[in-house]
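Subject: Structure for your review

Dear colleague,

Please find below the structure that I am handing over to you.

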Amino acid sequence: MSPRVTPLCCGSIAMDARVDLVGEPGRVEVPSTVFLIDAAETILVDTSFGDPERVTEAHPGFECYRAPDQRLRHVLDAEGYTPADVDTVVFSHLDWDHCHNLDLFGDDTTFRVGARELAYATDPYPPHTVSYEADPGSRTPAWRDRDLRPIEGETELCPGVVAFPTPGHTVGHLSLAVDTDGGTTVVAVDAVPTFENVDREAGVPRRLGGSMDQLAWWESATEVLARGDRILPGHEWEILDADPVGLAE
């Protein structure tokens, strides 16, 4: 049986539209998505944000919401999994809305992240400390006490599942290419945060997403589109069995 990828909604975030679409006015509500990969190993890509009230307070301009049935343990249970069934958690990157809820996982779960991302998140450029929750004296990143194993370059995680670098949104962002029955599914996450960032028919990027390096972002989005028969963005309602709750007007 070929690997299977299931996107799962762990809540939503209201924020300035320009975070995902450079130059876009107003506010939008986007989903917080994790991706369950059922392959030779059970792999979870990202773990969403933490307690909604706490992260909303800690990150001005962002309003987070999570219904009880959108908690990570619940969405895994709805698919027939428990946190203990997850062999590997892969962090696409270490922004605060992708790497909380780690207390659910025991010692048998391996945590992996891009080597460049881990090095940078440990000591980020000052304007990026809030995104990484690395503000001196105020917050400790959720992953700090975990043994994160770095991924160097393109790496096969298990048969049919390959992590590959897609920098731009952050220094060491990763996406995953998964060989499914329907072709290659690319779990793009924030390399392509929404479908509005790309022209799927032409297979080219269209609108910049928020990024540390816009040129690298464009090149990574181009690679994602070239590799994937199916693209799964990180903040796109279309891929989910879920709807906005009305956080943004």
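The largest pocket has a lining of 29 residues, and those nearest its centre are Val 19, Phe 62, Asp 95, Ser 131 and His 169. Please bear in mind that this is a predicted model. The volume of the largest pocket is about 650 Å³. By class, its lining comprises 13 polar, 10 nonpolar and six charged residues. Strand S1 (residues 4-16) contributes the most to this lining, namely three residues.

The second largest pocket holds about 350 Å³ of space. Its lining consists of 18 residues, with Gly 50, Asp 51, Pro 52, His 100 and Asn 101 nearest the centre. Seven of the lining residues are nonpolar, four are polar and seven are charged. Helix H1 (52-58) and helix H2 (72-78) each provide at least two residues of this lining; the largest share, four residues, is that of H1.

I turn now to the sheet. Seven strands form an open sheet with mixed pairing, in the order S4-S1-S2-S3-S5-S6-S7. Strand S4 (63-65) and strand S7 (148-151) are at the edges and have a single partner strand each, so one side of each has no neighbour in the sheet. From one strand to the next, the twist averages 25°.

Within this sheet, strand S5 (residues 88-91) pairs with strand S6 (residues 110-114) in the parallel sense, over four bridges. Val 89 has Phe 111 in S6 as its bridge partner. Helix H3 (residues 115-122) packs on the sheet and touches S6 and S7; the direction of H3 makes about 85° with that of S6.

With kind regards

Key:
Residues numbered from 1 in each chain as written. Predicted model: local features only at pLDDT ≥ 70, side-chain atom pairs only at ≥ 80, totals over all residues. Heavy atoms only, no water. Pairing = 2+ DSSP bridges. Axes fitted to C-alpha atoms, helices over the stretch in contact; angles between N-to-C directions. Contact = heavy atoms within 4.5 Å. 1 Å grid on protein atoms, 1.4 Å probe; cavity = no way out; pocket = protein on both sides within 12 Å on 5 of 7 lines; lining within 4 Å. Points joined across faces, edges and corners; volume = space filled by probe spheres on them. Nonpolar A, V, L, I, M, F, W, Y, C, P; charged D, E, K, R; others polar.
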